[in-house]
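Take a look at the protein shown below. This short report walks through its fold.

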Amino acid sequence: MLVQRILTALILAPLFIWAIFALPTEYFSLLLLLFVTLGAWEFARLIKIEQPLYRTLVAFGITGCALIAAQHAQNVINLQAILVVSVIWWGLNLYWVVSYPKHSQSWYGSGIVRVMGGVMLLVPMWVALTNLHSIHGGAHFLLLMLLIWGADSGAYFVGRAFGKHKLAPNVSPGKSIEGVIGGIGLALIVMLTFLQQQNISIDLYPSYLLLAIVVSSISVLGDLYESLFKRTSGIKDSGNILPGHGGILDRIDSLTAAAPFFLLGLSLI
């Protein structure tokens, strides 16, 4: 499994980084939209929609919502509104994670609510990523990816070495508070490296470092939110399309939460 994970990462990571810098936003956003569609297909399974036809309808329904939202997001005010609504929604998700398994019927009881959860999970992420690439370019897009990868790697290694205090034992027993702190620490190193390489004014350092803390912290919530559905559905991985990595949703869960916060944070700096 470890060999598969490494080989898959070695193949896909360079290709994705190439796409970030080589493709214009119009084509790059379509690549991201493919991930959204595949993620929506997997999410349908997490909410107990097994019949292929209905899963397809959910997947293309969420994709259609993303295209509609993108049209509205061409207006700056609408884009900001989408990001703010997403941030508020993730605040609500934090409550569901902290209170789990209490109140599970509030976000899992109704089929319509479960499908809307998929819309809110994937649509703001795609809108944020598309506009991040368009407005700020490949360097900031790669920065977001590196912050998430750094937070994930730091949390894994520090958590394994020093993790004693469970973060959300009812949702994801393997995550620890120490791991999250380690992830934030590595994300700060990533951000400092970026600021130095991009010759960012030192006056902006505190704002960027605060953004790194927020993004790396909220990325954990994205992972935990997916874990809510996995645990409730009794499913280990969202899919098996990526050897050693599970499904698409397993790879972008942190990004679903981090992307709207990152773009909104950049607009405030």
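What share of the protein's accessible surface belongs to carbon and sulfur atoms? The share is 68%, out of an accessible surface of about 13300 Å². Keep in mind that this is a predicted model.

**Overall build**

The protein has 9 helices and 2 strands. Along the sequence they follow the pattern α-α-α-α-α-α-β-β-α-α-α. The radius of gyration is 18 Å, close to the 18 Å that the globule rule gives for 269 residues, so the protein is as compact as a globular protein of that length. Its C-alpha trace spans about 50 × 45 × 35 Å along the principal axes. Of the 269 residues, 50% count as buried. Among contacts with a separation of 6 or more, 74% link residues 24 or more positions apart.

| Strand | Residues |
|---|---|
| E1 | residues 166-168 |
| E2 | residues 172-176 |

E1 and E2 run antiparallel and are joined by 2 bridges. They form a hairpin, with 3 residues between them. Ala-168 has Ser-172 in E2 as its bridge partner.

In soluble globular proteins, nonpolar side chains tend to be buried together. Here the largest nonpolar core has 82 residues. Helix H6 (residues 111-162) gives the largest share of this core, 18 residues. Residues with the most contacts inside the core include Leu-122, Phe-141, Leu-147 and Phe-262.

Which residues does Leu-147 contact, leaving aside its neighbours within four places in sequence? Leu-147 is in contact with Ala-187, Val-190, Met-191, Ala-212, Val-215 and Phe-262.

Terms used. Residues are numbered from 1 along each chain as its sequence is written. This is a predicted model: local features need pLDDT of at least 70, side-chain atom pairs count only at pLDDT 80 or more; totals for chains, interfaces and linings use all residues. Side-chain values use heavy atoms; hydrogens and water are left out. Two strands pair if DSSP finds at least two bridges between them. Helices (H or I, at least four residues) and strands (E, at least two) are DSSP runs, numbered from the N terminus. A nonpolar core is a set of buried Ala, Val, Leu, Ile, Met, Phe, Trp, Tyr and Cys residues joined through side-chain atoms within 4.5 Å. Buried means under 20% relative accessible area, exposed over 50%, partly exposed in between (1.4 Å probe, protein chains only). Contact means heavy atoms within 4.5 Å. The radius of gyration is taken over C-alpha atoms; the globule rule is 2.2 Å times the number of residues to the power 0.38. Accessible areas come from the Shrake-Rupley method with a 1.4 Å probe; for residues, only the protein chains shown count as cover.
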